[in-house]
Amino acid sequence: MGVALALGGGGVRGFAHLGVLEVLSKEGIPLLALSGSSAGAVAAAAFAFGLKDPGRILEAVFDPEAAALSSQGRLQSFYRILSGFRRPSLLSGERARAGLFQLFGEARLEESPIPLRIQAADLFTGEAVVLKEGRVAEAVLASSAIPGVFPPVLLNGRLLVDGDVAEKVPVRAVRPFGRVVAVDVSNPPVTAPPKTALEAALLAGEASRRRLKELALKEADLVLRLDPPYPIDTFDHTQVEFVYELGKARALEALPEIRRLARPPYTPFCCILRALRRAVSKNLKDRYNGP
């Protein structure tokens, strides 16, 4: 047995997924399948294809334009800047594309040693699109295409964007494989009242997405929450080491429960089988050892 992991989006906070995966790997927890959305897609694909060094992954996906625009430490700053432009997206996405192909080359999802599911969203319908085949780099790029910030990706005849639009933590994508541990790397919810109309609109959208996320998480067998002590901006790459270590800490805290889920289910049939084995073993010992 083992567990399936569903890894949620969260930009830089997604490096916590690599910390979680490192702990499970060292502890010998079998992985039945991996799914990922946005930053979770990067982590799931990287681990599945043996790329476990956070430094190498950061080097590939780091976008200096995004980091510079995120100097205020909140994704909302992007939307303030975006309101002053009349173009399809704030960033071209070429740096992300090049970095992902640098990481994965021409590797394909169906070649993954672990069943791998990358979730994106249909821009027109909002439907979750679970990618099982095709080039890994293209699937991850589509899953990470934050609307307004990066351009949508045309793939398999559909215009795809960030998987978080449909389901922030893609639990259903791996539910058929067995028990699911969902890893949520969301920031703490904002509690300060909005100061502008734009902030109010952004908060409303965030509240809606949070509600959808919680509905999805109810379908998981265990939810592992990053729960950072302070908000960490989506593109604040100075926080990579911190969230990576925090992910390891959260996984270690949840390890007893994860081990329990990874064990085969204890059923009445198992009880009968074990009793028969004990009886046969005792009978053989009595027969060959004598009175």
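A residue is counted as buried when its relative accessible area is under 20%. By this criterion, in the predicted model, strand β1 (residues 3–7) is mostly covered, with 5 of its 5 residues buried. In a regular strand, side chains alternate between the two faces of the sheet. Burial in β1 extends to both faces: Val3, Leu5 and Leu7 are buried on one side, and Ala4 and Ala6 on the other.

Strand β1 is paired with two further strands. It runs parallel to strand β2 (residues 31–37), to which it is joined by 5 bridges, and Ala4 stands opposite Ala33 of β2. Together with helix α1 (residues 15–26), β1 and β2 form a right-handed β-α-β unit. Strand β7 (residues 180–184) is likewise parallel to β1, with 4 bridges between them; here Ala6 lies opposite Ala182.

The largest nonpolar core comprises 63 residues, of which Leu5, Leu31, Leu34, Phe104 and Val140 touch the most other members. Helix α9 (residues 240–262) supplies the largest share of this core, 10 residues. A second, separate core of 10 residues includes Ala6, Ala33, Val169 and Ala220. Beyond four places away in sequence, Leu31 touches Val3, Leu5, Leu21, Leu24, Phe47 and Ile114.

Helix packing was examined for α3 (residues 54–61) and α6 (residues 94–104), whose axes lie 7 Å apart at an angle of about 145°. In this contact, Arg56, Ile57, Glu59, Ala60 and Val61 of α3 meet Arg95, Gly99, Leu100, Gln102 and Leu103 of α6. The contact residues divide into 5 nonpolar, 2 polar and 3 charged.

Terms used: Residues are numbered from 1 along each chain as its sequence is written. This is a predicted model: local features need pLDDT of at least 70, side-chain atom pairs count only at pLDDT 80 or more; totals for chains, interfaces and linings use all residues. Side-chain values use heavy atoms; hydrogens and water are left out. A nonpolar core is a set of buried Ala, Val, Leu, Ile, Met, Phe, Trp, Tyr and Cys residues joined through side-chain atoms within 4.5 Å. Buried means under 20% relative accessible area, exposed over 50%, partly exposed in between (1.4 Å probe, protein chains only). Helices (H or I, at least four residues) and strands (E, at least two) are DSSP runs, numbered from the N terminus. Contact means heavy atoms within 4.5 Å. Axes are lines fitted to C-alpha atoms, for helices over the stretch in contact, and angles run from 0 to 180 degrees between N-to-C directions. Ala, Val, Leu, Ile, Met, Phe, Trp, Tyr, Cys and Pro count as nonpolar, Asp, Glu, Lys and Arg as charged, and the others, Gly among them, as polar. Two strands pair if DSSP finds at least two bridges between them. A crossover is right-handed if, with the strands pointing away from the viewer, the path from the first strand over the helix to the second runs clockwise.
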